[in-house]
Amino acid sequence: MPEVAAPMVKATKGEARSDKRMGKNVLWIMADQLRWDYLGCFGARHIDTPHLDRLAAKGVRFNKTYVQSPICGPSRMSFYTGRYVRSHGSTWNNVALKIGEMTLGDHLREIGVKCSLVGKTHMTPDKEGMARLGIEPDSTIGALASECGFEVIVRDDGTNHTDYPHRHGEDYDAYLRAHGFDGDNPWEEWANSAEGENGELLTGWLLKNSHLPARVPAEHSETAWLTTRGIEFIQAQGDQPWLCHLSYIKPHWPYLAPAPYNDMYGPGDLPPVVRSNAERETDHPLMKAWLDTRVCQSFSRDEVRDRVAPAYMGLIKQLDDEMGRLFDFLESTGRMEDTMIVFCSDHGDNMGDHWLGEKDLFYDCSARIPLIVYDPRPEAEATRGTLTDALVEGIDLVPTFLQYFGGEAKPHIIEGRSLQPLLHGKPTDWRAFAVSEYDYSTRQARLDLGLDQADARLTMIFDGRWKMVHVEGFAPLLYDLETDPDELSDRAPDPACAAHLQRLNAAHFHWARQHHARTTVTGAQMDLRAKRQEPHGIYIGLWDEADLAATNKILPDKASG
């Protein structure tokens, strides 16, 4: 994409920018489809992740972090805009983020911060919207709008099979070919294929092959390659402040790990599967339809989980090892002293829990994610190595980064909340519930239920203990995570829980009534308009000159109104 010049850094009204601000950077690391409970620092005992644990010891672990949708595309669009799914409108994978939605890159460029991508975004550009407005996709504006506001160093979404229409694998293909791994599609033939006994290619798309090593050596896998590209980006940076979104593909499917990670773990290393017979015997129409889908039928089988989950753990172990290489680089170059490091995932993976495969729905294995934030500033010393149960949402990262870089808050656009008070141990009036949304209009369950696509929507409201799922057209679901942390028992039919349903329904209704779309006028501007009532030059309801004189006394300055 074209090189984008950073704008002049503007001073905040009434104060000058300090040179100290220009030394701050952010490395935002995201893993794809990583469960929160598969990291040692979040309590896992079945897998060893010493390098991410090491980061956690330097920062804050946010123990109750929820994504705004448990599926890649809409979750990431919320991460990148700081807005709920109903606000940005990209409700499913490959649903374009409409032109005009401001992203993290847009906000940071306004204050002179470079915002770059190394890895995955799952961004789909609004080509129709750009054509309507005469924006050329290869122009500077068009390129940024097409890439979710990021300046692209590497774009690799990790779904690079030959027939996929949204393929972004050219850079990795070229890298593999340069290292002798040739073929029509090196990503598929080397990184995501194994070899049979007679040298035949065995595709990683088939779950039965998950225990086999990928043909590509670990040092040339996507995980290692993206780490190297991230390090190269950081090495090339000068004094201009930057944010690098280092976004990994794994442990997302295809579940195929390179040696030695493919057989580090076996079925005996897996945590107990979380499910009950009562879940399978549910009479809830949505859940019955969901359990009948192919992916859930597959992962309900013990032999599938026993074959796939060890490979999933191997991919996580490789990611953690690469984090060790990355963190060693940051420490040896002094970047740990001026760079905020954020580690998270875009959603989890059901991995057979609740008889489910893939992600989807709002069980903690899918909608809850790991979030670690290391803040290098001295104000964060008191919270290092701590864990907080504050309800955090993915949309909170954009305002956190904006405040970190000294930008002004934009609550009329950004719906998340800055984590800075929590990072610095300051008292704050935090949110009472977290919200996540899911559009299942493209899923087989919707067709089986005979629903119109407009009605295939779910909303989760979670207050830290009680989790309600609003199911449009059907009865809600309700779980008490204090007495039932595994979410095995739907309490919605229980009359004793009626008050909790009523309370969470009221919270849902209150949230739905908020302003989600008024982004072109700030709250302060609305206050000024309320005082003036009408624009300059319009006088309504005035009786005489005395009324006019009184009105003129409260007129704001024309330049600020």
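The chain has an average pLDDT of 92, and 94% of its residues score at least 70; pLDDT is the predictor's confidence in each residue, from 0 to 100. Residues 1-23 have a pLDDT below 50, and in the model this stretch has 43 contacts beyond near neighbours in sequence (a contact means heavy atoms within 4.5 Å). Where pLDDT is low, the predicted coordinates should not be read in detail.

This is a predicted model, in which local features need pLDDT of at least 70 and side-chain atom pairs count only at pLDDT 80 or more, while totals for chains, interfaces and linings use all residues. Residues are numbered from 1 along each chain as its sequence is written, and side-chain values use heavy atoms, with hydrogens and water left out.

- Side chains of opposite charge can pair when their charged atoms come close.
- A search of the whole structure turns up 39 salt bridges; the term stands for a side-chain nitrogen of Lys or Arg within 4 Å of a carboxyl oxygen of Asp or Glu.
- Arg35 joins Asp37 in a salt bridge, with 2.9 Å from N to O.
- Is Arg35 buried or exposed? Arg35 is buried, with a relative accessible area of 4%, whereas Asp37 is partly exposed at 22%. Buried means under 20% relative accessible area, exposed means over 50%, and partly exposed lies in between (1.4 Å probe, protein chains only).
- Arg35 also forms a salt bridge with Asp353, where the closest N and O atoms are 3.0 Å apart.
- Asp353 sits in the loop between strand 8 (339-345) and helix 14 (364-367), and Arg35 in the loop between strand 1 (25-31) and helix 1 (50-58), so this pair ties together parts that are 318 residues apart in sequence. Helices (H or I, at least four residues) and strands (E, at least two) are DSSP runs, numbered from the N terminus.
- Asp353 is buried too, with a relative accessible area of 4%.

**Another pair and a network**

- Arg443 and Asp360 meet through their side chains in a salt bridge of 3.1 Å, N to O.
- Arg443 is in the loop between strand 12 (434-439) and helix 17 (444-449), while Asp360 is in the loop between strand 8 and helix 14, so the pair links parts that are 83 residues apart in sequence.
- Arg443 is partly exposed, with a relative accessible area of 23%, but Asp360 is buried at 2% relative accessibility.
- A network of salt bridges links Asp32, Arg76, Lys120 and Asp346.

**Helix 2**

- Why is helix 2 (residues 72-81) largely enclosed by the rest of the structure? Ten of its ten residues are buried, so the rest of the structure largely encloses this helix.
- The buried residues of helix 2 include Arg76, Phe79 and Tyr80.
- Gly82 follows helix 2 and has a positive phi, near 75 degrees.

**An open sheet with a helix on it**

- Four strands form an open antiparallel sheet in the order 12-13-14-15; two strands pair if DSSP finds at least two bridges between them.
- Strand 12 and strand 15 are the edge strands, each pairing on one side only.
- On average, neighbouring strands of this sheet are turned by 15 degrees against each other, direction ignored. Axes are lines fitted to C-alpha atoms, for helices over the stretch in contact, and angles run from 0 to 180 degrees between N-to-C directions.
- Strand 14 (residues 466-471) pairs with strand 15 in the antiparallel sense over four bridges, and Trp466 has Asp480 in strand 15 as its bridge partner.
- Helix 18 packs on the sheet, where it touches strand 12, strand 13 (457-462), strand 14 and strand 15, and its direction makes about 65 degrees with that of strand 14.

**Asp486**

- Asp486 lies in the loop between strand 15 (477-480) and helix 18 (498-512), and it is partly exposed at 39% relative accessibility.
- Not counting residues up to four places away in sequence, Asp486 touches Val274 and His354.
- The C-alpha atoms of Asp486 and Asp353 are 9.4 Å apart, although 133 residues separate the two along the chain.

**Strand 10 and its partners**

- From strand 10 (residues 371-374), Leu371 and Val373 point one way and Ile372 and Tyr374 the other way, and all are buried.
- Strand 2 (residues 60-66) pairs with strand 10 in the antiparallel sense over two bridges, with Val373 as the bridge partner of Val60.
- Strand 8 and strand 10 also pair in the antiparallel sense, over four bridges, and Phe343 stands opposite Ile372 in strand 10.
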